[in-house]
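This report looks at how the parts of one protein chain are packed against each other. Please keep the sequence and the structure in view while reading.

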Amino acid sequence: MPQSSKQLMVAVVEDDPRIGELIREEVCDEGHLCQGYLTAESFLEEADNLNPDLVLLDLMLPGVDGLECLRRLRELPRLQRCPVVIVTALNDAAKRREAQKLGAVDYILKPDLFDQLPQLLATLARISMES
């Protein structure tokens with residue numbers, strides 16, 4: 001990680017343990033801290049105390065889905081402005097629009113995530129340093 005960047009705390013909410021592990025490894029390889037969650041409920045219980053710099057949120061989760069998790073996250077005063085990126089296998093224009101309406105900063109298909117993640121993290125770390 002370049003010295004001109006901040007080390008980010010990234011929360012990964014992904015119900016598939018293998019995919020979650022791959023995402024967390026990539027985040028850590030990029031020099032950032034990472035905490036993983038298998039459900040939206042477990043993430044929401046800790047989100048306010050974790051105070052992440054970025055949330056990578058699966059759309060299709062058991063129980064509370066990604067969109068409802070995003071709605072609830074926006075109700076937490078400290079996390080209303082936390083960047084959330086929806087990470088999903090579902091290429092659905094209506095879900096993408098709904099996620100953006102709820103404040104998601106991006107909607108990335110899982111096959112594209114590993115190509116886009118290094119740049120996403122670098123940009124967010126640079127912005128965090130400037131604010």
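In which kind of crossing, left-handed or right-handed, does helix 1 pass helix 5? Helix 1 passes helix 5 in a right-handed crossing, where a crossing is right-handed if the near helix is turned clockwise from the far one by less than a right angle, and left-handed if anticlockwise.

## Basis of the report

This is a predicted model, in which local features need pLDDT of at least 70 and side-chain atom pairs count only at pLDDT 80 or more, while totals for chains, interfaces and linings use all residues. Residues are numbered from 1 along each chain as its sequence is written, and side-chain values use heavy atoms, with hydrogens and water left out.

## Helix 1 and helix 5

Two packed helices are described by the angle between their axes and the distance between the axes. Helix 1 (residues 17–29) and helix 5 (residues 110–130) pack at an angle of about 25°, with axes 10 Å apart; helices here are DSSP runs (H or I, at least four residues) and strands are DSSP runs (E, at least two), numbered from the N terminus. The axes are lines fitted to C-alpha atoms, for helices over the stretch in contact, and angles run from 0 to 180 degrees between N-to-C directions. Helix 1 is therefore roughly parallel to helix 5, a term for angles under 35 degrees.

Contact, meaning heavy atoms within 4.5 Å, is made by Ile19, Leu22, Ile23, Glu26 and Val27 of helix 1 and by Lys110, Leu113, Phe114, Leu117, Pro118 and Leu121 of helix 5. These residues divide into 9 nonpolar, no polar and 2 charged, where Ala, Val, Leu, Ile, Met, Phe, Trp, Tyr, Cys and Pro count as nonpolar, Asp, Glu, Lys and Arg as charged, and the others, Gly among them, as polar.

## Helix 3 and its partners

The axes of helix 2 and helix 3 come within 10 Å and cross at roughly 15°, which means that helix 2 is roughly parallel to helix 3. Their crossing is right-handed, and the contact joins Ala40, Phe43, Leu44 and Ala47 of helix 2 with Cys69, Arg72 and Leu73 of helix 3.

Helix 3 also packs with helix 4 (residues 93–101), at an angle of about 10° and with axes 10 Å apart, so helix 3 is roughly parallel to helix 4. Here Leu67, Leu70 and Arg71 of helix 3 meet Lys95, Glu98 and Ala99 of helix 4, a set that divides into 3 nonpolar, no polar and 3 charged residues.

## The nonpolar cores

A nonpolar core is a set of buried Ala, Val, Leu, Ile, Met, Phe, Trp, Tyr and Cys residues joined through side-chain atoms within 4.5 Å. The largest one has 24 residues, and those with the most contacts inside it are Val13, Phe43, Val55, Leu57, Cys69, Leu73 and Ile86. Among the elements that give two or more residues to this core are strand 1 (9–13), helix 2 (40–50) and helix 3 (66–73). A second, separate core of 16 residues includes Leu8, Cys34, Leu113 and Ala125.

## Two loop residues

Arginine 74 lies in the loop between helix 3 and strand 4, and is buried, with a relative accessible area of 17%. Aspartate 92 lies in the loop between strand 4 and helix 4, and is partly exposed, with a relative accessible area of 24%. Buried means under 20% relative accessible area, exposed over 50% and partly exposed in between (1.4 Å probe, protein chains only).

How values were computed: Parallel < 35°, antiparallel > 145°, perpendicular 65-115°, else oblique.
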